[in-house]
Amino acid sequence: MGTFRTWGANLLALILLISVSPNAGLAGSAHGDEMGELRDEIRRLKQKTGDLERKLDEVEATGKEERGAIEARVEEAAPGKAVEGALSRYWGDSRALVTGYGFAGYQWDDGSDENSFNAAFVPIALFRINDRILFEAEVEFELEDNQVEVGLEYALADIILTDNITLSAGKFLLPFNEFAERLHPAWINKLVSFPSPYEGANRIVPFTELGAQLRGGVDMGKAGLFDYAIYVANGPRFDTGEAEEGEEPSGHAITRSLEDDAEEEPSEDEGVPYGARLAKNFEDLNRGKAYGARVGFLPLPPDGKMGRLRLGASTYNGQANENNWYYAWGIDASYRYDLWELRGEYLHGTLDRRGQDDTREGWYVQGSYELSRVLPAPLDRLEVITRYSGANRLGSDPLRKPRQVAVGFDYWLTPSVALKLEYDHNLPSDASDSNRVLSQVAVGF
Amino acid sequence: MTKQIGAITIFLAVLCIMPSLAGADETSKAEQRALFRQGAQLWPQSCGACHKARPGGERSPSEWETIMMHMRVRANLPGQHARAILHYLKSR
């Protein structure tokens, strides 16, 4: 019995062991799967929560944007605001602006008693009506003959018709070569003086004209850039005499008004004499007008790796009086590479007098180099400039062949503020101002 | 003569209400970057041709708009060049 009991107990234990052992292994495996599923579920839920949060942010942002737009529309639609908004869009920003330049200088002439200080203030008013219409005017206040001379240098309306065509009408700087229109302001002109063909009795074309012009530029891609100006204007007018007594025909100071100060009325009975000088022509003398054009070509790519080269040609032809026409033409070139700049112009004018033509010509060549890589600071702001210019009168007074050598230094305090010092040697050397020193502080603002 | 004056008046009026420089504000960021690069290239070449190129910080963006219009006419710049230089100056 005891043995049976022992055997029975052992059998029971064996059955239990057999029956329990596999169950225990299966339960552990099921638990692990469940845990994995739970982890996956949590991950999915987290991802969904993240997505929902992002969507909520987007909805909120969109809502704010839409609300802002609606509020702006409501505000704009309010009485008075609509008109104000429309006007604001029409006019654009910053309709009026004053820019320009001024200078103060001192001139010392060898052999002359006219050493003197001088100064001028030349504001330019810009009125931008909208993105297509601009009105601009330059007024010059200059100390001249113990009084303040006031002159309207130019005043014109510009209407931008297309990307490549602008219509300008009014009193404008003559687009003939480059100096008169683009280079004469004191803070741009690197020397104090003007080149011979743009000064006093040597002048070949007027600085300004009254009329209308079409102008613009065309980017021709790899073929380069083309620019043009074509105009009709009142035309030339000449005073009756030679240079006034005591006034030299060349090498004159340069800080005077751009317009000739000749006041004499032309004598139409006698016609226009030799050596006549260009004078103001605010009212046309005759029905004949002046016609002219300037074209420029920039063949090099605009990246500047090969520098910037511009070649130009100009013409100006106008009826001076009932019988005489004036024909002028010019060519110009400029090349800028790195710190170097070289430019030059040639101008030629003929007053047709039926076999007794008055022909004049003038030219200048100017080179400059910025010393920023040669000198240490603060002298690295220096620039050295030299210019050779001259003028000829053919037919009338062949002895008048003034020549001028000018050397100058500019110290650039900023890109628009320069301290200038210049020495001129005028030929023939017996001229009253054969040697001259000019200094100037020029400010562009 | 009266008809001519009328035609000119209508022509100017149409010009006045024409839209601003072709949607410059609506350009994409990529186009603006391209415009900036073009302006950076043209600025020293076009402005420096006559005078020292003046930095963008000298003027406010709205002032540059007026000045660039003046310079566009004076320097005979094509419209695209003027817009690129203006964008460059306003960005600095």
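The structure is a predicted model, in which local features need pLDDT of at least 70 and side-chain atom pairs count only at pLDDT 80 or more, while totals for chains, interfaces and linings use all residues. Residues are numbered from 1 along each chain as its sequence is written, chains are lettered from A and ligands numbered from 1 in the order in which they are written, and side-chain values use heavy atoms, with hydrogens and water left out.

On the side of chain A that touches chain B, strand 6 (residues 208–219) of chain A gives the largest share, five residues. That side of chain A comprises 22 nonpolar, 13 polar and 20 charged residues; Ala, Val, Leu, Ile, Met, Phe, Trp, Tyr, Cys and Pro count as nonpolar, Asp, Glu, Lys and Arg as charged, and the others, Gly among them, as polar.

With contact taken as heavy atoms within 4.5 Å, chain A contributes 55 residues and chain B 40 residues. The two chains bury about 4,000 Å² between them, 58% of it on carbon and sulfur atoms; this is the accessible area (1.4 Å probe) lost on putting the two parts together, summed over both.

Attention now turns to strands of chain A. Strands are DSSP runs of E of at least two residues, numbered from the N terminus, and two of them pair if DSSP finds at least two bridges between them. Strand 12 (residues 358–370) and strand 13 of chain A are antiparallel, with twelve bridges, and Arg360(A) stands opposite Arg393(A) in strand 13. Strand 13 (residues 382–394) also runs antiparallel to strand 14 (residues 403–414) of chain A, through nine bridges. There, Val384(A) is opposite Phe409(A), and Ile385(A) has Gly408(A) as its bridge partner.

Strand 14 in turn pairs with strand 15 (residues 417–427) of chain A, antiparallel over eleven bridges. A hairpin of two residues joins strand 14 to strand 15, and Tyr411(A) has Leu419(A) in strand 15 as its bridge partner.

Terms used. Helices (H or I, at least four residues) and strands (E, at least two) are DSSP runs, numbered from the N terminus.
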